[in-house]
Amino acid sequence: MDKLTLKAMAKINLGLDVVRRREDGYHEVRMIMQTVNLYDRLTFEKKKEDVLQMETNMKRLPTDQNNLVIRAAALLKEEFGIREGLAVRLEKRIPVAAGMAGGSTDAAAVFVAMNRMFALGLDEKELEARAVKIGADVPYCIRGGTALSEGIGEKLTTLPPAPSCHVIVAKPFIHVSTKWVYQNLHLENVKEHPDIDGMVESIRKGELSGVVKRLSNVLETVTVPRNPVIARIKEILMKNGALGALMSGSGPTVFALFDDRKQAELALERLRGTKLAAQSYLTTFTDHTCVG
């Protein structure tokens, strides 16, 4: 196989709790991860010369070792002694620096693509073991679907598909540093933590109402006060029929869940009228990730 194109799906966090800060500086988390049908498209092509090349439709993205795509490809090339080169074309659609694992899912696509193209023979768990070296969200992005994520994000438990619904995703005209958010998270001041176990039970029962009731993200306590536009977007979506709305990851992207598509379409139209979101989409949950 000399050429392959994959769709790399975005994720949202239906629940995000931070358990503690470890001595090594990492934070232990408990999160409910969910892929949504919003994706980047990556095209991979083998090169005879021993090079790694990357180009993208978004000029401000790095195309060197500062991009997880190149780092993931370099990791596999070195480990397996791959002497052929690889050229990657990234068509970016997932919002950047938005709490949707856009960079992580692109890196996941590299692992999946190179495993197929170079016949590395790695199963999912073997891919995930390597993926965590690139980033904590990358193993989940290889697996996709609905999952409980623990540890620093590398301990994954696959869950049944979350109850189907319509999802608005909206990113405001701001960027948020994940590092800054975690540095400014003071767990001793967090009074309420997400009911992750209750969320898991609701998902297993297929109860959308139970999922909506437990939407919660402790990182909102850091990101939202500094960026009130996030709360404003949530408010608009709730006033226009959303069952629930939440910031994804460290932000600033907001997502909202609807059980009625027409209501979701109307809410999206009204949100766009406010000009508060740089990017906004209507999508659904999906069980797929890194698909051809």
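Trainee: In which helix is the place of Ala-267?

Mentor: Ala-267 sits in helix 10, which covers residues 261-274; a helix here is a DSSP run of H or I with at least four residues, a strand is a run of E with at least two, and both are numbered from the N terminus. The model is a predicted one, in which local features need pLDDT of at least 70 and side-chain atom pairs count only at pLDDT 80 or more, while totals for chains, interfaces and linings use all residues. Residues are numbered from 1 along each chain as its sequence is written, and side-chain values use heavy atoms, with hydrogens and water left out.

Trainee: What makes Ala-267 buried or exposed?

Mentor: Buried means a relative accessible area under 20%, exposed means over 50%, and partly exposed lies in between, with a 1.4 Å probe and protein chains only. Ala-267 has a relative accessible area of 0%, and therefore it is buried.

Trainee: Which residues is Ala-267 in contact with, leaving aside its neighbours within four places in sequence?

Mentor: With contact taken as heavy atoms within 4.5 Å, Ala-267 is in contact with Ile-168, Leu-237, Asn-240 and Phe-258, its neighbours within four places in sequence being left aside. Ala-267 and Ala-242 are 25 residues apart in sequence, and their C-alpha atoms are 7.9 Å apart in space.

Trainee: How do you know whether Thr-223 is buried or exposed?

Mentor: Thr-223 has a relative accessible area of 0%, so it is buried. Thr-223 lies in helix 8, residues 220-226, and its contacts beyond four places in sequence are Val-176, Val-181, Ile-230, Met-247 and Ser-250.

Trainee: What makes a set of residues a nonpolar core?

Mentor: The set must consist of buried Ala, Val, Leu, Ile, Met, Phe, Trp, Tyr and Cys residues joined through side-chain atoms within 4.5 Å. The largest such core has 73 residues, and those with the most contacts inside it are Phe-44, Phe-111, Leu-219 and Leu-237. Helix 2 (residues 102-117) supplies the largest share of this core, 9 residues. Apart from it lies another core of 28 residues, among them Ile-196, Ile-203, Val-211 and Leu-215.

Trainee: Which residues of helix 6 are buried?

Mentor: In helix 6 (residues 196-205), Ile-196, Gly-198, Met-199, Val-200, Ser-202 and Ile-203 are buried, and these pack against strand 1 (3-21), strand 2 (27-47), strand 5 (146-151) and helix 7 (208-213). Just after helix 6, Gly-206 takes a positive phi of about 70 degrees.

Trainee: How do you know whether the radius of gyration agrees with that of a compact globule?

Mentor: The radius is taken over C-alpha atoms, and the globule rule is 2.2 Å times the number of residues to the power 0.38. For 292 residues a compact globule would have a radius of gyration near 19 Å, and the protein has 19 Å, so the two agree. Of the 292 residues, 56% count as buried, and among contacts between residues at least 6 apart in sequence, 75% join residues at least 24 apart.
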